[in-house]
Amino acid sequence: GIILGAFFGLAPLFAITRGLPPSGVGLFMSAAIFGGLALQWPIGLLSDHIDRRSVSLAAAAATSFASAAIVLLPSGADVILFVLVALFGGVSFTLYPLSLAHAGDRLQNHEDMVGLSSGMLLLYSFGAIIGPLVAGQIFGVLDGSGLFLLTGIAAAATVIFGLFRMQQSSPPDAELQV
């Protein structure tokens, strides 16, 4: 929620600060959404066949990488910016569904999926409220780069927490992945 709330709240403003015209801002946002559309199915399919935690960590690490690359990208490299934001959308948009699927795999009784989904959506919503507020505070200080600095840090923190949790528990049984 922090990552995507910040992104959808401030990405158009980030694109403007990068000097993109209105049509470029539209293309910037479309590239992110297209990336999410293009990678949602293959990443989800991959997570059905291998440990979802590993797929989630790879997606979070790729989100952090794409965020850092966007921060470090010099102005004027618009084509590369569009490719990087498509990668960002492709991997970051899968984090919530992967997390929900992993949590569902851990349910003892799959009838509790509605309660699980409700709780996850509530937590996501809190993050989506906090993300733009924090990103907005650092946006001006870092000349717009604060948006992707925040998303990169949040994704890296997800990787660190995920690695810690993977050492604490084993993956759910493969037949429980539904």
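For the charge count, I took Lys and Arg as positive and Asp and Glu as negative, leaving out His and the chain ends. The model I looked at is a predicted one.

**Entry 1: charges.** I counted 5 positive and 9 negative charges in the protein.

**Entry 2: elements.** I listed the secondary structure next. The protein has seven helices and zero strands. Read from the N terminus, the order is α-α-α-α-α-α-α.

**Entry 3: overall form.** I looked up the extent of the C-alpha trace, which spans about 50 × 30 × 30 Å along its principal axes. Does the radius of gyration agree or disagree with that of a compact globule? A compact globule of 178 residues would have a radius near 16 Å, and the protein has 17 Å, so the two agree.

**Entry 4: surface and contacts.** Of the 178 residues, 43% are buried. I also checked how far apart in sequence the contacting residues are. Among contacts with a separation of 6 or more, 77% join residues 24 or more positions apart.

**Entry 5: the largest nonpolar core.** I kept one general point in mind here. In soluble globular proteins, nonpolar side chains tend to be buried together. The largest nonpolar core of this model has 41 residues. Those with the most contacts inside this core are F7, F14, F28, I70, L147 and F148. Which elements give two or more residues to this core? I found α1 (2–17), α2 (22–49), α3, α4 (78–92), α5 (95–106), α6 (113–139) and α7 (146–168). The helix that gives the most to this core is α1, with eight residues.

**Entry 6: F148.** I followed up one of the core residues with the most contacts, F148. Leaving aside residues up to four places away in sequence, F148 touches F7, F14, F28, S67, I70, V71 and F88.

Entry 7: Another core, of five residues, lies apart from the largest one. I wrote down four of its residues, L100, A103, L116 and M120.

**Entry 8: S56.** S56 lies in helix α3, which covers residues 52–72. Is S56 buried or exposed? Its relative accessibility is 15%. Buried means under 20%, so S56 counts as buried. Residues up to four places away in sequence aside, S56 touches L95 and L98.

Notes. Residues are numbered from 1 along each chain as its sequence is written. This is a predicted model: local features need pLDDT of at least 70, side-chain atom pairs count only at pLDDT 80 or more; totals for chains, interfaces and linings use all residues. Side-chain values use heavy atoms; hydrogens and water are left out. Helices (H or I, at least four residues) and strands (E, at least two) are DSSP runs, numbered from the N terminus. Buried means under 20% relative accessible area, exposed over 50%, partly exposed in between (1.4 Å probe, protein chains only). Contact means heavy atoms within 4.5 Å. The radius of gyration is taken over C-alpha atoms; the globule rule is 2.2 Å times the number of residues to the power 0.38. The place of a charge is taken as NZ of Lys, CZ of Arg, CG of Asp or CD of Glu. A nonpolar core is a set of buried Ala, Val, Leu, Ile, Met, Phe, Trp, Tyr and Cys residues joined through side-chain atoms within 4.5 Å.
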